[in-house]
Amino acid sequence: MSENLQSTGGWISEEDYLAGELTREIKHEYIDGYVYAMAGASRNHERIAGNVFGELRSFLKNKPCEPFSSDLKIKAGSRFFYPDVMVVCDEQNQHDYYTDSPVIVVEVLSKASRRVDETTKRIAYQSIPSLKEYVLIEQDFVDVEVCRKSEGWVSNHYFMGDSVLFDSIGLTLTVEEIYTRVDNDEVRSYIQEQQTLL
């Protein structure tokens, strides 16, 4: 999403937004009656989101919780967002195109999206009663930020060599697993360091 939040038009209803998303080629997020076009994602963005989604899908196979990637929306009050990855466990009001009860939400940060992910989305997501963990992952350097409801939404940061516990579903991932195939300076440096230790 654009850092400056440029709306694509005037106010529209939730119903019109949801109907429009079924036919639009570009995804839009909806904030208080206004729609905002989403920007395309980089390779590193897709690698990180894919790594996390793949690990979640494998771990949750044959379990009641279900992971979703960036094509299913979250409804948070009067706002709709497309998170990069989320997990839904106990959904009371099932809708074909959105959920209002994720337990984990993961956003991969970019220069364009960071401000919105760290402010507007953070506030909206943390207002969702079911949400237990909000995860922000940098793509241009190594930093996995996990905010847990059980800890008052305090930020915990994880780096190469660390393991990250997704407490709400009992899954632990290493930061290396999250950044598999990602190409940035910190990942390259870490790989070189590990190779010199062999």
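This is a short chat about the predicted model shown above.

Visitor: What kind of model is this, and how are residues numbered?
Guide: It is a predicted model: local features need pLDDT of at least 70, side-chain atom pairs count only at pLDDT 80 or more, and totals for chains, interfaces and linings use all residues. Residues are numbered from 1 along each chain as its sequence is written, and side-chain values use heavy atoms, with hydrogens and water left out.

Visitor: Start with the six strands. What order do they take?
Guide: They form an open sheet, β3-β6-β8-β9-β10-β11, with mixed pairing. Strands (E, at least two residues) and helices (H or I, at least four) are DSSP runs, numbered from the N terminus. Two strands pair if DSSP finds at least two bridges between them.

Visitor: Which strands are at the edges?
Guide: β3 (66–68) and β11. Each pairs on one side only.

Visitor: How do β6 and β8 pair?
Guide: In the antiparallel sense, over four bridges. β6 covers residues 85–88. Val87 stands opposite Ile104 in β8.

Visitor: And β10 with β11?
Guide: Also four bridges, antiparallel. Val144 has Tyr158 in β11 as its bridge partner. The hairpin has six residues between the strands, and Gly152 there takes a positive phi near 75°.

Visitor: Stay on Tyr158. Buried or exposed?
Guide: Buried, because its relative accessible area is 15%. The cut-offs are under 20% for buried and over 50% for exposed, with partly exposed in between (1.4 Å probe, protein chains only).

Visitor: What is Tyr158 in contact with?
Guide: Leaving aside neighbours within four places in sequence, its contacts are Asp143, Val144, Val146, Arg148, Ser163, Val164 and Val175. Contact means heavy atoms within 4.5 Å.

Visitor: Which side chain makes a polar contact with Tyr158?
Guide: Arg148, at 3.1 Å. A polar contact is a pair of N or O atoms within 3.5 Å; within protein, one must be able to donate a hydrogen and the other to accept it, and residues adjacent in sequence count only if both atoms are side-chain atoms.

Visitor: New topic. Where is Gln139?
Guide: In the loop between β9 (133–138) and β10 (144–148). Gln139 is buried, with a relative accessible area of 6%.

Visitor: How do β1 and β5 run?
Guide: Antiparallel, joined by two bridges. Tyr30 stands opposite Phe80 in β5.
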